[in-house]
Amino acid sequence: MKFKFTWGHGIAVALLCFMIFILSLMFFAGDTGDLVTDNYYEKSIEYEDDIEAESRTLSLQKQPEVVIQANGWKLIFPAEYQITEGSVVLLRSNNPDQDLILPLKLDAKNQMLIPSAKLVNGDYEMRLSWEMNHNKYLVKKTVKWQSPS
């Protein structure tokens, strides 16, 4: 007996191929990559506070500066700022193991050095936040570190 391929067989084969295609898309699309932070949803709730803190920072007459030096990054705040607390978060998008979270500890000149020994060549997403006069302030910027060798 010879097998005869009919239009019904063609529909069944087409449906089977389509199902295999859809299942393979679902399987390969399952990996969405890493989020920038582990607590992404908590950060999204705080987003409005961040916008207000950034706009407060932009309204200041003098902004803090980030100066690139051979021995690291120097954060320079105006002398009249009376900062009660703060933090410096440096995020690496390509390797979360190289992220840095440092408390903002200013010296007598209202400066802080982030030593080059803690930095790896490449781009960082800097998030500099501080509290002053019971208000929160925030600066977000991309900074690049290139070791002077």
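**Notes on the predicted model: sheets, salt bridges and a nonpolar patch**

1. Let's start with the four-stranded sheet: it is open, its strand order is E4-E3-E6-E7, and the pairing is antiparallel. Strand E4 (100–103) and strand E7 (135–145) are the edges, and each has a single partner strand, so one side of each is left without a neighbour in the sheet. On average, neighbouring strands here are turned by 15° against each other, direction ignored. Angles are taken between N-to-C directions and run from 0 to 180 degrees, with axes as lines fitted to C-alpha atoms, for helices over the stretch in contact.

2. Some ground rules before going on. This is a predicted model, where local features need pLDDT of at least 70 and side-chain atom pairs count only at pLDDT 80 or more, while totals for chains, interfaces and linings use all residues. Residues are numbered from 1 along each chain as its sequence is written, and side-chain values use heavy atoms, with hydrogens and water left out.

3. Back to the sheet, at the E4 end. Strand E3 (residues 83–91) pairs with E4 in the antiparallel sense, over four bridges. If you want a spot to look at, Ser 87 stands opposite Pro 103 in E4.

4. What lies across strand E6 (122–132) and E7? That is helix H3 (residues 47–58), which runs at about 85° to E7. Contact here means heavy atoms within 4.5 Å.

5. The other sheet is also worth a look: an open one of three strands, ordered E1-E2-E5, with antiparallel pairing. E1 and E5 are its edge strands, each pairing on one side only. Neighbouring strands in this sheet are turned by 20° against each other on average, direction ignored.

6. E1 and E2 make a hairpin with two residues between them, and they pair in the antiparallel sense over five bridges. Glu 65 has Ile 76 in E2 as its bridge partner, and Val 67 has Lys 74, also in E2. On to the next pair: E2 and strand E5 (residues 111–115) are antiparallel too, with five bridges. There, Leu 75 stands opposite Met 112 in E5.

7. Side chains of opposite charge can pair when their charged atoms come close. With a salt bridge taken as a side-chain nitrogen of Lys or Arg within 4 Å of a carboxyl oxygen of Asp or Glu, the count comes to three. One of them joins Asp 50 and Arg 127, at 3.0 Å from N to O. This pair links distant parts of the chain, with Asp 50 in helix H3 and Arg 127 in strand E6, 77 residues apart. Is Asp 50 buried or exposed? At 11% relative accessibility, Asp 50 counts as buried. The cut-offs are under 20% relative accessible area for buried, over 50% for exposed, and partly exposed in between (1.4 Å probe, protein chains only).

8. Glu 80 and Lys 62 also meet in a salt bridge, at 3.6 Å from N to O. Glu 80 lies in the loop between strand E2 (72–76) and E3, and Lys 62 in the loop between H3 and strand E1 (65–69), so the pair ties together parts that are 18 residues apart in sequence. Glu 80 is partly exposed at 47%, and Lys 62 is partly exposed at 46%.

9. Then there is Asp 123 with Lys 144, where the closest N and O atoms are 3.9 Å apart. Asp 123 is partly exposed, with a relative accessible area of 42%.

10. Asn 133 is exposed at 56% relative accessible area, and His 134 counts as exposed at 78%.

11. Last, the surface patch. Phe 18, Phe 21, Ile 22, Leu 23, Leu 25 and Met 26 form a nonpolar patch with about 610 Å² of accessible area together. Patch residues have over 30% relative accessible area and no salt bridge; like charges are joined within 9 Å, and nonpolar side chains (Val, Leu, Ile, Met, Phe, Trp, Tyr) within 5 Å. Areas come from the Shrake-Rupley method with a 1.4 Å probe, and for residues only the protein chains shown count as cover. Leu 23 is found in helix H1 (residues 7–28) and counts as exposed at 54% relative accessibility.

Methods:
Pairing = 2+ DSSP bridges.
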